[in-house]
Amino acid sequence: MRRYATIIAAACLMLALAGMGQAQSTTTLSVAVGPEASLTVTTGTTTLASGSTTFSNPFTGTTSLTYKIRTTKVGGTGTLSLKITADFSGTGGPSVTTPPTSGDALTYTCTVSSPGTACTGTVTASTSSATSVATFGAAANSTSAGNSASTAWSLTDDPVYATGTYTATATYTISAT
Amino acid sequence: MNVWLTIPALWAITAGQPVIKPAAPKLTRNVATVHPMANGSFTVSVSPATVSFTATNPNSAPVVAGNATATASWNNLDFNTGPWNLTVQAGAGSFGNCPTVPISAVTVSCASVSATIGGSGSCAAGFKLSTSPQIVASGNQALLTYSYTITLNFTLADSWKYIAESSPSCSLSLAYTATVP
């Protein structure tokens with residue numbers, strides 16, 4: 001009887017001393033983050049207007065954009081450009097391709113928030129090739145909500161333009177590597 | 001129930017001490033034979049070794065699923081009863097080679113739990129990864145519970161704030177810890 005009591009006491013002691021067992025293992029999560037860019041034109045239609053009735057001021061207007069971008073950490077680049085994909089409609093009005101008067105032009109200047117670098121000076125829009133709005137370097141990233149950019153347009157107010165409303169289309173393209 | 005608990009303990013206590021002789025030495029020897037691992041000496045296995053994400057476009061795919069479901073498992077027959085759990089934690093605060101990708105972008109979700117012979121288990125709610133251990137699954141171990149299997153899913157919240165880096169890709173070590181009674 002005393003032996004059983006000893007056995008039970010020893011067993012209880014062992015159970016009391018038994019601690020929690022633990023074991024560990026490790027694995028790896030791997031992420032490939034690709035370069036990417038997206039663009040939203042927030043001003044769907046930009047009206048060019050002149051505040052003058054004496055041909056002293058050009059027609060002006062501003063197109064606003066929101067861009068998102070991330071470029072590769074080493075060697076990555078990004079570009080934001082525009083091209084006039086449809087010239088002003090109608091006859092007798094302004095034209096990007098064939099201005100009625102030498103010197104008439106549709107031009108723009110750029111405003112781009114960091115990390116973009118805005119185009120320099122005044123750029124003449126073209127129907128034959130894309131022109132720069134902004135460039136981006138390596139390891140550039142926008143905010144999750146997107147960053148702002150805009151182009152301020154200027155169209156010569158030429159007396160030879162026939163009165164009326166004319167429409168052109170500018171197509172913006174953003175890319176990242 | 002008490003016999004099964006008592007005899008293994010007696011076998012351990014009496015090793016090298018012939019003064020105390022168990023009343024049923026054959027039974028004692030049998031129990032010792034089916035006690036393959038001492039408490040705390042088991043191994044957790046996790047497969048696959050690497051779970052990968054391919055983050056391509058935060059607009060069209062703001063949440064990216066891992067390329068595989070991970071399975072954590074272990075075998076441990078120690079005849080103890082009580083609560084068990086499995087925790088997961090990151091080895092660093094951000095992905096290696098990609099400091100702009102925070103570990104909190106990764107959500108860990110338990111998909112299923114199984115524990116053999118009387119054991120129970122359930123999944124914890126999904127959580128964002130951190131450097132602190134967080135319980136992904138837990139339950140109760142029964143006397144004869146010897147095997148556990150937990151399946152896990154990982155998702156990554158993609159963001160434009162991340163700097164692109166495809167090669168070498170970004171990596172993060174995860175540590176799994178299984179605690180049994």
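Buried residues account for 33% of the 181 residues in chain B.

Start with the inventory of each chain. Chain B has two helices and 13 strands, while chain A has one helix and 10 strands. The contacts in the two chains can be sorted by how far apart the residues are in sequence. In chain A, 75% of the contacts with a separation of 6 or more are between residues 24 or more positions apart. For chain B, 74% of the contacts between residues at least 6 apart join residues at least 24 apart.

The confidence of the prediction should be kept in mind. The average pLDDT of chain A is 91, and 89% of its residues score at least 70. Residues 7-17 of chain A have a pLDDT below 50, and beyond near neighbours in sequence this stretch has 15 contacts in the model.

Within chain A, five strands form an open sheet in the order β2-β3-β9-β5-β7, with antiparallel pairing. Strands β2 (36-41) and β7 (123-124) of chain A each have a single partner strand and stand at the edges, so one side of each has no neighbour in the sheet. The partner of β2(A) is β3(A), residues 59-70, and the two pair in the antiparallel sense over six bridges. One position to look at is Val41(A), whose bridge partner in β3(A) is Leu65(A).

Now turn to where the chains meet. There, 57 residues of chain B are in contact with 38 residues of chain A. Several elements of chain B supply at least two residues each to the side that touches chain A, among them α1 (2-14), β7 (98-102) and β13 (165-180). The largest share of that side, 14 residues, comes from β13(B). By residue class, the side of chain B that touches chain A divides into 33 nonpolar, 21 polar and three charged residues.

Leaving aside neighbours within four places in sequence, Val31(A) is in contact with residues of chain B including Phe53(B), Phe95(B), Val101(B), Leu156(B) and Cys170(B). The largest nonpolar core has 43 residues, and Val31(A) and Ile150(B) touch the most other members. Strand β13(B) gives the most to this core, with six residues. A second, separate core of 26 residues includes Ala37(A), Leu65(A), Ile69(A) and Ala134(A). In soluble globular proteins, nonpolar side chains tend to be buried together.

One of the contacts of Val31(A), Val101(B), can be viewed from its own side. Val101(B) lies in strand β7 of chain B. Because 26 other C-beta atoms lie within 10 Å of its own, Val101(B) is buried; the cut-off for this is 20 or more. Beyond its neighbours within four places in sequence, Val101(B) is in contact with Val31(A) and Val33(A), as well as with Ser94(B), Phe95(B), Tyr162(B) and Cys170(B). As for Ala49(B), Val101(B) is 52 residues from it in sequence, and the two are 21 Å apart in space, C-alpha to C-alpha.

How values were computed:
Residues numbered from 1 in each chain as written. Chains lettered and ligands numbered in written order. Predicted model: local features only at pLDDT ≥ 70, side-chain atom pairs only at ≥ 80, totals over all residues. Contact = placed C-beta atoms within 7 Å. Helix = DSSP H or I, 4+ residues; strand = E, 2+ residues; numbered from the N terminus. Nonpolar A, V, L, I, M, F, W, Y, C, P; charged D, E, K, R; others polar. Pairing = 2+ DSSP bridges. Buried ≥ 20, exposed ≤ 12 C-beta atoms within 10 Å, placed from the backbone. pLDDT = per-residue confidence, 0-100. Core = buried A, V, L, I, M, F, W, Y, C linked by C-beta atoms within 7 Å.
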